[in-house]
Amino acid sequence: MREQSQPVVTEQELRALIAAISVEPVTALSSLAAYAKKLVAREMIDRLLADRAVIYAALSAPEPKARKNAARLLGALEQPRDTDALITALQTETTRFVIPSILLALGAIANQKAGAAIAAYVPPTAADETEIKHVTDIQEAHAKALAALTRDVP
């Protein structure tokens, strides 16, 4: 049902969002990730972002929400060529609410290298009550990413 509620996006609108990444990374990447849920838009976005430099740069942007949305977009695109950038992001990310998006993006790609990174990742434990929510989100995303690695295996 959600597919129908989203309006069809034009290539011009996608180009404008891509151009806005450097100025408004959080909003632009969030919109692109939402559009990328539809196959037609996903294919256009993948073509328009053939040079991934702007998304890879967003994976290490100062704003955690930009990093999270960059990972969400790469996960929606499901391209094996993005594996290394996501693995680096997973290894360097220190903001806990960003990590689930990176894990899920690697799970969406689900190639051997992504699988090895997911398997090697050890979810943190909560040091106190304030960390429980984010740690639980990380653990759930880790479990989903691991499960995604076997989704096409009979």
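1. Contact here means heavy atoms within 4.5 Å. The model is predicted. By that cut-off, L86 touches L59, A71, L74, I102, A105, L106 and I109, leaving aside residues up to four places away in sequence.

2. L86 also belongs to the largest nonpolar core, which has 44 residues. Together with I45, L73 and L106, L86 is listed among the residues with the most contacts inside that core.

3. Next, the pair α8 and α10. The axes of helix α8 (residues 99-109) and helix α10 (residues 132-148) come within 8 Å, with a crossing angle of roughly 5°. Angles under 35 degrees count as roughly parallel, so α8 is roughly parallel to α10.

4. Which residues of α8 and α10 meet? From α8 the contact takes in I99, P100, L103, L104 and G107. From α10 the partners are D137, I138, A141, H142, K144, A145 and A148. By class, the residues of this contact comprise 8 nonpolar, 2 polar and 2 charged.

5. Helix α9 spans residues 112-120, and its buried residues are A114, G115, A117 and I118. These residues lie on the same side of α9, because they cover an arc of only 165° around the axis. An α-helix has 3.6 residues a turn, so residues three or four places apart point the same way. On the other side of α9, Q112, A119 and A120 are exposed.

6. What covers the buried residues of α9? The cover includes α7 (83-92), α8 and α10.

Key:
Residues numbered from 1 in each chain as written. Predicted model: local features only at pLDDT ≥ 70, side-chain atom pairs only at ≥ 80, totals over all residues. Heavy atoms only, no water. Axes fitted to C-alpha atoms, helices over the stretch in contact; angles between N-to-C directions. Helix = DSSP H or I, 4+ residues; strand = E, 2+ residues; numbered from the N terminus. Parallel < 35°, antiparallel > 145°, perpendicular 65-115°, else oblique. Nonpolar A, V, L, I, M, F, W, Y, C, P; charged D, E, K, R; others polar. Buried < 20%, exposed > 50% of the residue type's maximum accessible area, 1.4 Å probe, protein only. Arc of directions from axis to C-beta. Core = buried A, V, L, I, M, F, W, Y, C linked by side-chain atoms within 4.5 Å.
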